[in-house]
Protein chains: 2
Amino acid sequence: MLSQTAEYALRAVLYVAEHGTDRLVQVTEMATALRIPRNYLSKTVHALVREGVLLSTRGKSGGFRLAVPADRLYVVQVVAPFGSLGEGRHCLLGRPQCSDRTACAAHAKWKLVADRVAEFFRGTTIAELLQGAAVPA
Amino acid sequence: MLSQTAEYALRAVLYVAEHGTDRLVQVTEMATALRIPRNYLSKTVHALVREGVLLSTRGKSGGFRLAVPADRLYVVQVVAPFGSLGEGRHCLLGRPQCSDRTACAAHAKWKLVADRVAEFFRGTTIAELLQGAAVPA
DNA sequence: TGAAAATATCATATTATCATGATGAAGACA
DNA sequence: TGTCTTCATCATGATAATATGATATTTTCA
C-alpha cells in the first residue's frame, strides 16, 4: 500500500509526534527504535523537512521536531512526497485519465473503495493515529 | 495500488473474458490491444495458467481462455500471484503481525479502510468489472 | 579555538521490478 | 514429414527502489 520509504516516513513522524513533544528527537534514536537503516532514514526525514512537515536543528543537541501540530498534520502530507499514494484519483487499471465520464472496466466498482482510501489519507491526522493505540517498540 | 505486473494480469484477464467467449485469444493480440510488452505479457499470462485462472492451448490456432467462468473468477485470484495486494492482513506500518490485539498506532483507523479494500479484491468478480463499463481499446 | 555531536550530502552498492531478444517445444495442417 | 504458428522459457539488460559507507557542514560547549 505504501512504499517502504513512505512507511518509514510515517513511522518516523509518529515517533517524533510521540517522543518529541518536549525535546528534539535524533535520527540515530529513531533508526534504532524503529529498526530503519540510519542514513536512509536521515535522507527520508530530511525530505520531510523540505516538505515542511518536520523542523531540524543541526549541531550538538540537535534533532527533529514537528513543524505542524500533530492534530493538524495529515497523513497525506507525510506520505505524498514518497509513494504516489493518497493522492488524487487512481485508476485500478492504470489508465492516465480515468474519470466518471471515460470509465475503465473497473472504474465504477473500484471508485467506491478508492475514495475511501483517499479519504483516509487526506482526512486522518497524525494525532488521530496516535490515539488509536500505544506505539510498541 | 497494484504492481505493474498485477495490473497487466488483470487487464489481460478482462480482455480474455470479453473477447474469448467463443474463441481463443492470442498473446500477440492482447499485447497489441492493451499495449503491453509481448514477451512480458506472455510470461505473466503463463503464470495465470499455472494458477488455474487461464487455460492455454499451444500450436497453430492456439491461445488462451478462462479456466473459470467470469462470474466465479474473483479479482484476488488474478492479482494475488503478483503484487502481494488483496491478500489477507495488511498493516499500514508494515508490522509483520498486526491484529486487533497487538495493534500498531494506525491500526484501528486503517482497519476500516483496509477491510474495504480486501473486500473489493475478494468479493468482486471479473464479470462484475466488465459490467461496470465497456472496455475501451 | 578545538573537539564532539548532530544533521546534510555524496558516491556507490544491492536488490527487485520491468522489459527485450533469442530460442525451444508443441500442435495443426498441407 | 515438414513447415508454420503459437505458447514456453532462457539469458540478458535497463531502471528504479532500497541501502550502505564515507565525508562535509553546522552548532554546542569546554
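**Terms and their grounds**

Author: Helix α3(A) provides five residues, the largest share of the surface near DNA strand C. The model is a predicted one, in which local features need pLDDT of at least 70 and side-chain atom pairs count only at pLDDT 80 or more, while totals for chains, interfaces and linings use all residues. Residues are numbered from 1 along each chain as its sequence is written, and chains are lettered from A and ligands numbered from 1 in the order in which they are written.

Reader: What makes a residue count as near a strand, and which are the closest to DNA strand C?

Author: The C-beta atom of the residue, placed from the backbone, must lie within 6 Å of the molecule or strand. DNA strand C is surrounded by 26 residues, and the closest are Gln26(A), Ser56(A), Gln4(B), Pro37(B) and Gly59(B). For DNA strand D there are 25 surrounding residues, with Gln4(A), Pro37(A), Gly59(A), Lys60(A) and Gln26(B) the closest. Two or more residues of that surface come from each of α1 (4-19) and α3 (38-50) of chain A and α2 (27-34), α3 (38-50) and β2 (63-66) of chain B. Here α3(B) has the largest share, five residues.

Reader: What are the helices and strands of chain A?

Author: Helices (H or I, at least four residues) and strands (E, at least two) are DSSP runs, numbered from the N terminus. Chain A has six helices and two strands, in the order α-α-α-β-β-α-α-α from the N terminus on.

Reader: Why is α1(A) described as largely enclosed?

Author: A residue is buried if 20 or more other C-beta atoms lie within 10 Å of its own, exposed if 12 or fewer, and partly exposed in between, with C-beta atoms placed from the backbone. Of the 16 residues of α1(A), 12 are buried, so the rest of the structure largely encloses this helix. Among them are Tyr8(A), Leu10(A), Arg11(A) and Val13(A). In chain A, buried residues make up 35% of the 137 residues.

Reader: Why is Arg122(A) called partly exposed?

Author: Arg122(A) has 15 C-beta neighbours inside 10 Å, and therefore counts as partly exposed. Arg122(A) belongs to helix α5 (residues 107-123) of chain A. Its C-alpha atom is separated by 36 Å from that of Lys60(A), 62 residues apart along the chain.

Reader: How do you know that β1(B) and β2(B) pair?

Author: Pairing requires that DSSP find at least two bridges between two strands. Four bridges join β1 (residues 54-57) of chain B to β2(B), and the strands run antiparallel. Ser56(B) stands opposite Phe64(B), and Thr57(B) opposite Gly63(B). The two strands form a hairpin with five residues between them, and Gly59(B) in the turn has a positive phi of about 80°.
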